[in-house]
Amino acid sequence: MNTRFSEAASALTEQMLRQITSYLLINQAFSQEINYTPCVVKMLEDDNSTIWIKWGPYDCEFSDLPLRAMATIADNISDK
């Protein structure tokens with residue numbers, strides 16, 4: 001078996017980023033509880049491309065999150 005997990009993770013991350021960016025371009029920010037914890041997702045105003053997350057222990061760029069946390073946030077945004 002020749003599975004390329006790094007390639008699959010990269011493709012999944014890009015897909016989530018596209019979806020979140022599309023949401024943020026229309027709505028400016030996402031603010032909602034996820035798993036009983038406040039979550040804020042926004043695009044930084046100084047560069048209009050960095051997606052910043054504040055959720056529980058995370059206060060970082062979206063791409064710095066663990067893959068499962070990325071997917072959880074993306075799922076909640078896509079449900080909107």
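These legends accompany close-up views of a predicted model.

**View 1**
Four strands form an open sheet in the order β1-β2-β3-β4, and their pairing is antiparallel. The edge strands are β1 and β4 (58–61), since each pairs on one side only. Neighbouring strands are turned by 10 degrees against each other on average, direction ignored.

**View 2**
β1 and β2 pair in the antiparallel sense, with 6 bridges between them. Ser 31 has Val 40 of β2 as its bridge partner. Glu 33 stands opposite Pro 38, which also lies in β2. The two strands, β1 and β2, form a hairpin with 2 residues between them. Asn 35 sits in the turn and has a positive phi of about 55 degrees. In a regular strand, side chains alternate between the two faces of the sheet.

**View 1. The largest nonpolar core.**
This core has 20 residues. Those with the most contacts inside it are Ile 20, Val 41, Ile 53, Phe 62, Leu 65 and Ile 73. At least two core residues come from each of α1, β1 (29–34), β2 (37–43), β3 (51–55) and α2 (67–78). Helix α2 gives the most, with 5 residues.

**View 2. Phe 62 and its surroundings.**
Which residues does Phe 62 touch, not counting residues up to four places away in sequence? They are Met 16, Leu 17, Ile 20, Ile 51, Ile 53 and Met 70. Two of these partners, Ile 20 and Ile 53, are listed with Phe 62 among the residues with the most contacts inside the core.

**View 3. Thr 21 on helix α1.**
Thr 21 lies in helix α1 (residues 5–27). Is Thr 21 buried or partly exposed? At 24% relative accessibility, Thr 21 counts as partly exposed, because buried means under 20%. Leaving aside neighbours within four places in sequence, Thr 21 is in contact with Met 43 and Ile 51. Thr 21 and Ala 71 are 50 residues apart in sequence. In space, the C-alpha to C-alpha distance between Thr 21 and Ala 71 is 14 Å.

**View 4. The aromatic pairs.**
The count comes to 2 aromatic pairs. Tyr 23 and Phe 30 make an edge-to-face pair, because their planes stand at 75 degrees, and the cut-off for that class is over 60. The ring centres of Tyr 23 and Phe 30 are 6.0 Å apart. Tyr 23 counts as buried at 18% relative accessibility. Phe 30 is buried too, with a relative accessible area of 1%. Tyr 58, at 26%, counts as partly exposed.

Conventions: Residues numbered from 1 in each chain as written. Predicted model: local features only at pLDDT ≥ 70, side-chain atom pairs only at ≥ 80, totals over all residues. Heavy atoms only, no water. Phe/Tyr/Trp six-rings, centres within 6.5 Å; stacked < 30°, edge-to-face > 60°. Buried < 20%, exposed > 50% of the residue type's maximum accessible area, 1.4 Å probe, protein only. Contact = heavy atoms within 4.5 Å. Core = buried A, V, L, I, M, F, W, Y, C linked by side-chain atoms within 4.5 Å. Pairing = 2+ DSSP bridges. Axes fitted to C-alpha atoms, helices over the stretch in contact; angles between N-to-C directions.
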